[in-house]
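Please look through the model shown here with its side-chain contacts in mind, and then with its strands and helices in mind.

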Amino acid sequence: MLSSLPAELIETVFDEFDVPSLLRCLQVCKLFHAIISQSIHLLYKIELFGSHMVDGRDSGLDILNRSRLLGSYNQVWREMQWAGSKEVPMEIGLSWDLVGGILTRALFGGQSISFLQLPCSIKGIPEKNWTVHLGIIIQDFYFDVAQDLLVCIEVIDREICKIHFFTLSTGMRHTLACTPIITHQAQGMPTWTNPRFIIQICGPHLVILIQDGAHCTSSGGDFVAWDWRTGEQEMFIRCVELRSFSMLTGDLILAVTVPTPREPSLDVLSISECRRGLAATPNCSPLQFADIPCICRFQLPRVRTDKVDIFIRSEPSPLAPPSPSLRVPFSASQGDCLYVVKLPFANTYCTRSVVLMALRSTFLARANRNHHGGDDDVKCGIDTTSYLDETVPANPSQVIPWQDWGLADTRILPLGYSNCRVRYTHDTKFILSTSNNTADLYDFNPYAVRRHRLSSKSPENAQDSFTWTPLEFESQVRAKESPFLEDVITRLPGSVTHVELHKLARIHSIPFSRRTRLWPMLAEDHIAVAAVNWEGVGDDAFSYLYM
């Protein structure tokens, strides 16, 4: 009997259990409850799991201090009591982005990029500014902090795309890239009038969707993947049906497609299977949509028109740990994550949007079930490529109707007008602007949902304006207020809190008017606000909350 062993040995055995098993052991008997509740190590393990974090063993801090810091970190998000805010002036008209807690700004001339690492005192991350001068006209770029990789795209004569690999920290050519420049050409299709790029880096994979921004729903695009270290092309798809994508694992892609008119879907694709399909084509010519090896297809509600720019986003990438040089005590888990699909539609006065949200575990569990009857590992975000069949049929092995997964596993909300470049999601959180000065912050971490449900019933939290409250059991989006042909009901559990943007992030450098818009954004450790003056009076501004 396990209970007859010494307490120290039982604790060692419990350390080998996953957290759901530990939580069940808490309810077995008083002895097990006492051992777990008195073990700092086991309590820290449970708190990491509930917070959707992983331990930073190389931080140099003992487990007691890491546990205390995690408690302080969670308290900030729970109570919205930030240490303060800081403003960053932005020159008007220049592109900027927020990725991995780093604010990036393109400088005049298009050959330099400025970076600002946002600080977090709880994790020991300092504020850091640096600029890289690259000597090329940058059309678009993306970066991976953990690999110190900066990918820049240069377009020549509207038909040749040069992809450059630099180090993020210095701007020098990246030493791990055997081919410092990869060239892709728009052969067999019209030149790009206004090329647009969707870029993701996931470990060794660089995946890019190249579209003509002026005709992205009608002229098609190139969906290409390379091993950026070797320069080998792994995937090349050319079709009009594919609209956007996001990585699911180190090999799996979740792609937004419109396989038939007015019937959008989310297709799970495999890079390794596409590589095999590409090798079988004459001269490695691009695959067409009908030839794509698709593992499974998640149907979305039918829409009024397929001439819409559907967009999907998730942050962080499945293989995007923090920079090793930061030595943080803990960081966001690489497991479950929220995927946000933006579906725009036109009403009488302007273009508006709704957003559909679902968790990574939903897609992985279904994709894995199609081949091996389901595996509990996928719920923890484990890369499922090793479990997939060797041969994947060209057509989806299973088409999952919307009514079989959408009702319970998604949540659809009205977004209003929004720029798809804005970073409104990170991990399992999502921030939604409800007016010019307010926003709702959602969390779909199931363990946080349970905690918020219990907290909302506590009398001492009744007067707290930042109390997290559970979402209503279901949300209904009416057809006349959405892009859908019918009313849609969704029930993914979540929690929400109300955020007063103008109180939390004070921006003073631009004159406010009815044409000044506040865009809320999320990073792992920050809520950020971009103030954009649509009248062109003064410069834009950026402000972030820090711990």
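What follows goes from a sheet and its helix to aromatic rings, charges over rings and salt bridges.

This is a predicted model, in which local features need pLDDT of at least 70 and side-chain atom pairs count only at pLDDT 80 or more, while totals for chains, interfaces and linings use all residues. Residues are numbered from 1 along each chain as its sequence is written, and side-chain values use heavy atoms, with hydrogens and water left out.

Helices (H or I, at least four residues) and strands (E, at least two) are DSSP runs numbered from the N terminus, and two strands pair if DSSP finds at least two bridges between them. On that basis, an open sheet of 5 strands runs in the order E15-E16-E17-E18-E23, with mixed pairing. Strand E15 (242–247) and strand E23 (399–400) stand at the edges with a single partner strand each, so one side of each is left without a neighbour in the sheet. The pairing of E18 with E23 is parallel and extends over 2 bridges, and Phe298 stands opposite Ile400 in E23. Helix H6 (residues 271–279) packs on this sheet, where it touches E15, strand E16 (252–260) and E17, contact meaning heavy atoms within 4.5 Å. The direction of H6 makes about 85° with that of E17, given that axes are lines fitted to C-alpha atoms, for helices over the stretch in contact, and that angles run from 0 to 180 degrees between N-to-C directions.

Phe298 also belongs to an aromatic cluster, which it forms with Tyr339, Phe363, Trp402 and Trp405. Rings of Phe, Tyr and Trp (its six-membered ring) pair if their centres lie within 6.5 Å, and planes under 30 degrees apart count as stacked, over 60 as edge-to-face and the rest as tilted. The structure holds 20 aromatic pairs. In one of them, the rings of Phe14 and Phe17 have centres 5.5 Å apart and planes at 55°, so the pair is tilted. Phe14 is buried at a relative accessible area of 0%, whereas Phe17, at 27%, counts as partly exposed; buried means under 20% relative accessible area, exposed over 50%, and partly exposed in between (1.4 Å probe, protein chains only). Phe115 and Phe143 form an edge-to-face pair, with 5.8 Å from centre to centre and 90° between the planes. Since Phe115 lies in strand E5 (residues 112–117) and Phe143 in strand E7 (residues 140–144), the pair ties together parts that are 28 residues apart in sequence, and both Phe115 and Phe143 are buried.

A charge sits over a ring if NZ of Lys or CZ of Arg is within 6 Å of the ring centre and within 35 degrees of the ring normal. The charged end of Lys128 is placed in this way over the ring of Trp130, 5.0 Å from its centre, and Lys429 lies over the face of Trp77 at 4.7 Å from the ring centre.

With a salt bridge taken as a side-chain nitrogen of Lys or Arg within 4 Å of a carboxyl oxygen of Asp or Glu, the count comes to 12 salt bridges. One of them joins Lys123 and Asp525 at 2.8 Å, N to O. This pair links parts of the chain 402 residues apart, with Lys123 in the loop between E5 and strand E6 (128–133) and Asp525 in the loop between strand E32 (516–522) and strand E33 (527–533). Both Lys123 and Asp525 are buried.
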